[in-house]
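The following exercises are meant to be worked through with the model open in a viewer. Each task is followed by a solution that goes step by step.

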Amino acid sequence: MPGSLEGRYIRLEVIGGKNLQVPSERIPAGIYISTNVDSRRRWKSAISVLSSDESASWGHTVTLSSHASPALSIEIWASYEVGRMLGNGEVIGKLQTSWDELLNHGDELFILSFPPVRGVHPSLTLKAAVVHTCDNQDGALSDSLVDCEIARDTDAGHAQFAAYMTSETVSHLNDAVQHFQLVVDQCPVSHPDHATALTNLAYARLRGYVRNDLQDIDTTTSLFREALALRPQGHPDHPLSLYNLTVALTWRHNKKSTAADIREAAKLYHELLPLCPEGTYLRSIVAGANGVDYVICGCNNLPEDTSDEGIHLRRVILELCPLGHQRRPKALYALLQSLHTRFIQYGSIDDLDESIRLGREAVSLLPEGHPGRDSYLNELAFSLEDRFNHQGKANDLDEAISLYKEALRLCPVGHEPRDTSLDNLGLALLSRFNKHGNIDDITQAISLHLEALTLRPPGHPDRDTTLNNLGLALDTRYNKLHVIDDLNEAIDRYRESLRLKRHDHPERHKFLSNLSASLCSRFTQTRDNEDIEEAINLCRESLAALSSLHPDRWFSYTWLKEAYLARYRILHDPDDLSLAVDNFRLASGHPTQGFPRRIRQAIGWARQAEVYQHESALEAYQMCFELFDSHVMTRSSIISRREAATAFRGAQLLPVDAASCAIRRDNLRQAVELVEQGRGQQWSLASRLKTPVEDLESANPNLAHNYLELSKRVSNAAQSSATITDRAAADRAATKYRKLMEQWEAAVAEIRNLQAFSRFLLPPSYEDLQAAARQGPVIILIASQYSCSAIIVPTSGEPSHVPLPSVTLVDLNNLKERFARAIRHASIMGPKVPRNDLIVLLRTVWKEIMLPIVNVLEHVLELKHGSRIWLCPTAAFTSIPLHAAHPFQTNADRSKEPCLEDLYICSYTPTLSALVRSRQMMKKRVAPSFVTIGQSQPGAGKGKALLTVDSELELVRKLVPAMANRTTISGDAATRAGALEALEENTWVHLACHGKQDSTQPYNSHFVMRDEHLTLLDIMEKHIPHAEFAFLSACHTAVGDKETPDEVIHLAAGLQFSGFKSVIGTLWEVDDAVAKHVVKAFYENLFADMEDGRVMDCTKAAWALNRATHTVKTKVPLEQRMVFIHIGV
């Protein structure tokens, strides 16, 4: 026993509590402990937040005088306010005890158990001890309780409400509401307890509504909303007020199914969850089945809404489902569906990319065997297929087909959604057939749609869709095989699908367009006017159903154009041709449709305008180039840009055809501009990020700095994306690149707002391009299917047209093949054997091509012999050695008729812009440094040993003037990295090794080093502004690309692009045993007269090569003299 307590104090330590259930089941703001010593003296602990396991911790201590009373009351209270309290709250438990009972436990912790609440005993963990001094630290000790009417009414309301909740007696509810209403009446809006009074009243009313004892939920919700407005963000009771309003909204949704309520509840929970610390009771309720989970399920069941607000709601729901949440896949699915639908409606690629990213995550969260995996696979595949249609990336279609096949495997015969998977796979195979033309794809597609149709018998809600898809497949097969039965059946299927499709259905326009296309096809066979009239009317009806920017208007424009064109071919009404062109223009320019489809229409427009001699042909070509430019710039890597450019049938000849068109319209300036814009696309796009901005830096340093920084970031993003193989990572990289490109384009637009920079990075004008002819005329040789000719761009004045009436594109292609055979034949002939085949061909080149040009140079431009000229060949001309044109004719006086290289110093340029750029960079010159790089012993499997390489390197090194810093890299040191470093660090380079042009992927063309290939792509990624000259004593270094729209993509052009202003390259295989004679003669001429202090001058390279080929005539066979060409300044 503790003995006498008189004159002593007792220290009571409240450690914590468990099983702290509130009788009314209302969620408290916190729990506090009250100790009443007598009627006048009461101690209250601080409020402790209730934990998810219904426990609370205090660790508070109070020192009480024991002489006042031998007994005391210990109470547990629930507070509904963290901040200012109104009343005492709701009692959880009360217990009368004595000091002796408390001190019986000595210094040990002990548990005090209270009467049960809802079947469970609340308890406190305490510790009591006798002390001799009073030093209260925690809680509040007051002499008397605040006793006022509103506090008494509030406590009475809590008591009556708890009684109602435990007994379900409605009179208790009425009493509670009456008490709480009295408090509200006594706490006007300006009263500090107004929000608390509103909340208490609203909560009592809400529970009555839940139990159907009260009916008015709207007033209750308004009360909670008013209370929340009085407790803004930062108020200690803001979280609980948020929660209370969400509860009211979800109950109203539960009983009335009001979509607005569940939407608002979702947004409130999105705000509330971060305010509820993990482990708290409020968090456990909010995150539980009746909290967030209910709202997530309710929102997932809402109809699709693609408005900004609807998409935002889906994002909110996804954020409410963090990683690991069981409902995250469904939330991902709902958001990706909404984004995909919005893409279909408005054509934003950002929406489609995001839907694919979300789809990938959703599929990854559903393991094999998950019952809903097929739906997620189908949705992801659907998005990928749409992106293929929008951007033309073949990988997307391949992946979509793979996913569709997996989804179909998960839906065996008898599985309910099998029909959907059959239809989806059929459509994807149809897309692949349209791309590659494999008849197996279209046959399988029709088979899949027929099976799907059997699973969707008459009366099935989706039968109309399958009928339409089957009609599309049959129509497509007709276009390939021209079996009229396919076309008639397609029309029947389309008509049946339209009869089933509601007039207000959002996809009805597709059915209308498809039927229109088939009727148009049948008209071309039967010439039945009813078919073509119906086709036109169907397209008009389809257009009327769509908003002005809906992406699918493109289909209506396309088929309307086909209808007018078909009728024009039969009836020859000029109005039909004009209407067809109008719809070509609309389809090509429709801003929300993807570039690939628009480009195909622009190409078709140009072709048809040529066929029918329509005045819009040049406009069509211009549209082609603008769309190509925009499309290719969406691709981050150089190689993917080329893939994008080569994906369109017939695009290779567009630049020369456009130039031919302009020539035929007597617009030579535009011909020069168009051929340059179309041919130089790959180089110009790559060079945009390397454009010097000295003038801009002077005019506006901030804009220049921003542009350069963005260019660097875009370039880095492009290079890093090139090595990514994971598809999800590639998608993220592509999105990042596109966002950077949007910023870059905005910076360019801002620069163009400056008056002096209005044409910054725009396709060059004729005036810009004429700078290429500053040192001598540039001759553009145009090989078009419509006409072959040359345009001479003089140093000043207007360009000259040189018709080549006896030359056709077919002739040039034959000539190209004959040259290839003659070169191969010459390579196995002895050095002294006459090259008769070559001589015949070079005579043809002279007579049919170069002589008419020389006549204009001599007699119209009066160009002096010995002057420089630049050849800019296009298409088939690029494979013909124009510089070697020769009459091989002896005059009557036994003098020889001069050849082209006797008359002029010939150079080549891939494009006029390349020559202009090289000239501009000549302004920056540094002290010369010369490196010879040679690899005579390539690695295993990389080619035969080159026995004369080392002697060639030594020869060159001796001929290079002593003023230059000379180094040699050969043998084991001649690696890919070593060669790249040497290219970057030196201004003059001589490279002797194997060279290989890759005809299928020119950016993989390479020089063979000891370890890895030094590729064209490696070279292009370097920026070497101080570089001057390179001699490429290797095979095939100046042979172009066959696929890209008439581009010259080869190793020599790549070196010029990276910074070398003057380059010697080769057109075919070099015989290293005889090439050294040309090399020796070249450098002897180039560095002649250096003793008198002259500087090394790369602009003399063309002259030195001309002299060298004359010097070695007796030592080197014809084909090995012709093989070397000069490119650049």
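A residue is called buried under 20% relative accessible area, exposed over 50% and partly exposed in between, with a 1.4 Å probe and protein chains only. The model is predicted, so that local features need pLDDT of at least 70 and side-chain atom pairs count only at pLDDT 80 or more, while totals for chains, interfaces and linings use all residues. Residues are numbered from 1 along each chain as its sequence is written, and side-chain values use heavy atoms, with hydrogens and water left out.

**Exercise 1.** Determine how helices α15 and α17 are oriented to each other, and which residues make their contact.

Solution. Axes are lines fitted to C-alpha atoms, for helices over the stretch in contact, with angles running from 0 to 180 degrees between N-to-C directions. The axes of α15 (residues 418–436) and α17 (residues 463–481) come within 11 Å and cross at roughly 20°. Angles under 35 degrees count as roughly parallel, over 145 as roughly antiparallel, 65 to 115 as roughly perpendicular and the rest as oblique, and α15 and α17 are therefore roughly parallel to each other. The contact (heavy atoms within 4.5 Å) involves residues of α15 including Leu 427, Leu 430 and Phe 433, and residues of α17 including Asn 469, Leu 472 and Ala 473.

**Exercise 2.** Describe the surroundings of Arg 727.

Solution. Arg 727 belongs to helix α31 (residues 727–752), and because its relative accessibility is 38%, Arg 727 counts as partly exposed. Leaving aside neighbours within four places in sequence, Arg 727 is in contact with Arg 360, Asn 395 and Glu 399. Arg 360 is 367 residues apart from Arg 727 along the chain, yet their C-alpha atoms are separated by 9.5 Å.

How values were computed
Helix = DSSP H or I, 4+ residues; strand = E, 2+ residues; numbered from the N terminus.
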